Amino acid sequence: MVNDVTVVQDGRRVYLDKQSPTAYRALVATADAVRATAAEAGLDRVLVELVNLRVSQINGCASCLDVHTRAALRAGETTRRLGVLPAWRDTELFTPRERAALALAEATTDPADSLAQERAYGLAREVLDDDEISAVIWVAITINAFNRVSILSRHPVRDVRA
């Protein structure tokens, strides 16, 4: 019997960003445009990084978690809130705007759950305007794309203490 799963024998993956630099640069340009869109919509950097982190947690992207944890801390986020981010619904540490953005980010990351989408949109409509809703969804779409590039490339997270 032949196994349908072929393991990469040498353990190496293609670094998609290096193998297809034009496509990767286009993704980076998209991220730059989305960052500008978020700023124009009035989303602060902490909220954007919370969305980046929550999506990266859901997807299990170690590389993006590393990058965006550091970015969130530089933007002024606290370690306490970062520590409870996976359980944001069970705390009082996040504002209504942040909660709406996190719900939208989760619904964007798992678009097959239409009930969660409707709930997230309902929550967002209470506290975010159309520009903010659009920006949050674009942030989530973009970090989802970067998560897939990093996960499939197996981008390493190295210990910088050494």
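Start with the whole chain: buried residues (under 20% relative accessible area with a 1.4 Å probe, protein chains only; exposed is over 50%, partly exposed in between) make up 37% of its 162 residues. Keep in mind that this is a predicted model, where local features need pLDDT of at least 70, side-chain atom pairs count only at pLDDT 80 or more, and totals for chains, interfaces and linings use all residues. Residues are numbered from 1 along each chain as its sequence is written, and side-chain values use heavy atoms, leaving out hydrogens and water.

Now switch to cartoon view. You'll find 8 helices and 0 strands, counting as DSSP runs of at least four residues (H or I) for helices and at least two (E) for strands, numbered from the N terminus. The C-alpha trace spans about 55 × 45 × 35 Å along its principal axes. Take the contacts (heavy atoms within 4.5 Å) between residues at least 6 apart in sequence: 70% of them join residues at least 24 apart.

Next, colour by charge. With Lys and Arg counted as positive, Asp and Glu as negative, and His and the chain ends not counted, the chain has 20 positive and 22 negative side chains. Side chains of opposite charge can pair when their charged atoms come close. There are 10 salt bridges here, each a side-chain nitrogen of Lys or Arg within 4 Å of a carboxyl oxygen of Asp or Glu.

Select Arg45 and Glu49 first. Their closest N and O atoms are 2.6 Å apart, in a salt bridge. Both sit in helix α3 (residues 45-59), and because they are 4 residues apart, about one helical turn separates them. Which of the two is buried? That's Glu49, at 0% relative accessible area, while Arg45 is partly exposed at 33%.

Jump to Arg97 and Glu132, which meet in a salt bridge at 2.5 Å, N to O. Arg97 belongs to helix α6 (residues 96-109) and Glu132 to helix α8 (residues 130-153), so this pair ties together parts that are 35 residues apart in sequence. Arg97 is partly exposed, with 27% relative accessible area, and Glu132 is buried at 9%.

Then pick Asp130 and Arg125: their salt bridge has its closest N and O atoms 2.4 Å apart. Arg125 is partly exposed, at 48% relative accessibility.

For the last stop, select Arg54, Arg89 and Glu106 together. Salt bridges with shared partners join these three into one network.

Note on methods
Charge placed at Lys NZ, Arg CZ, Asp CG, Glu CD.
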